[in-house]
Amino acid sequence: SGTIFTQGRGIRLLALSLINSPHGVIATIFPLVLTVKLGGSTAQLGWFAGFVALTEIPLMLVVGAAVSRFQLWTVIVTGGLVHAGYLALLGLAPNVATLFALGVLNAIGNAVMLTQHMSYCQDLMPDRPGLGSSLLSIVSLISKGLAAAVFAGVGLVYGFGGALATAMVICLVGCAGLMVLDRHQGRRRVTA
């Protein structure tokens, strides 16, 4: 296991987990913001989910094209920053219509996460692609645990706004960490 979990690889997985964690927070808190805080309906919740999913499809193609021009870590950090911005604005939304406008930001962050986080994990172990892909499960486990802790711990004391702000800070820490670790690396390949 020492050859799999080197220090550099472990830190990068942690940074990616921090960037990934807002997805779980958003999935948990957004329905409550829409229905409880803003008085929206479950039907509107369904429309929003469909809107985001439909928007993600073309954005995934755009993200794929961006990776051919920019370093992989840059695309991932950009997606994380977009998600962080979405978290900051979500708690300030005055009405349901604003949530739909902000949904584009969520879709951008999701498009990056769904298409590029696995690529990053695979690049951590280029000589063992199957094992590299499985690293995404570790990232998912850590990020979901963080999201649950933020929602249950911070949300219990500070409410929706506190949980969203904490998730935003966690995401920004992950973005900064990945940038520091990989800014001197090549266009696609990362080293551990």
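The largest pocket holds about 240 Å³ of space. Of its 13 lining residues, Asn20, His23, Met113, Ser140 and Lys144 are the closest to its centre. Helices H1, H4 and H5 each give two or more residues to this lining. H5 gives the most, with five residues. A pocket here is an open set of points on a 1 Å grid over the protein atoms alone, with protein on both sides within 12 Å along at least five of seven lines; lining residues have an atom within 4 Å of a point. Grid points are joined across faces, edges and corners, and a volume is the space filled by probe spheres set on the points. The model is predicted: local features need pLDDT of at least 70, side-chain atom pairs count only at pLDDT 80 or more, and totals for chains, interfaces and linings use all residues. Residues are numbered from 1 along each chain as its sequence is written, and side-chain values use heavy atoms, with hydrogens and water left out.

The structure also holds one cavity of 30 Å³ or more. A cavity is a set of grid points where a 1.4 Å probe fits but cannot get out. The volume of the largest cavity is about 40 Å³. Its lining consists of Ile19, Asn20, Ile76, Gly79, Gly80, His83, Gly109, Val112, Met113 and His117.

The largest nonpolar core has 48 residues, and Phe30, Tyr120 and Leu178 have the most contacts inside it. At least two core residues come from each of H1, H2, H3, H4 and H5 (129-182). Such a core is a set of buried Ala, Val, Leu, Ile, Met, Phe, Trp, Tyr and Cys residues joined through side-chain atoms within 4.5 Å. Buried means under 20% relative accessible area, exposed over 50%, and partly exposed in between (1.4 Å probe, protein chains only). Phe30 touches Val25, Leu45, Phe48, Tyr86, Leu90 and Leu99, not counting residues up to four places away in sequence. Contact means heavy atoms within 4.5 Å.

Leu178 lies in helix H5. It counts as buried because its relative accessibility is 0%. Beyond four places in sequence, Leu178 is in contact with Arg12, Ala15, Ile19, Trp73, Ile76, Val77, Tyr120 and Arg183. Leu178 and Arg12 are 166 residues apart in sequence, yet their C-alpha atoms are 6.5 Å apart. Val154 is also found in H5. Val154 is partly exposed, with a relative accessible area of 21%.

Helix H2 covers residues 42-67, and its 26 residues should span 38 Å at 1.5 Å a residue; the end C-alpha atoms are 36 Å apart, which agrees. The expected span is 1.5 Å times one less than the number of residues. Helices are DSSP runs (H or I, at least four residues), numbered from the N terminus. H2 bends by about 30° at Ile57, with Pro58 following within four residues. The bend is the angle between axes fitted to the seven residues ending there and the seven starting there. Phe48, Val52, Thr55, Glu56, Leu59, Val63 and Val67 are buried in H2. The buried residues of H2 pack against H1 (7-37), H3 (72-90) and H4 (96-124). Met60, in H2, is partly exposed at 27% relative accessibility.
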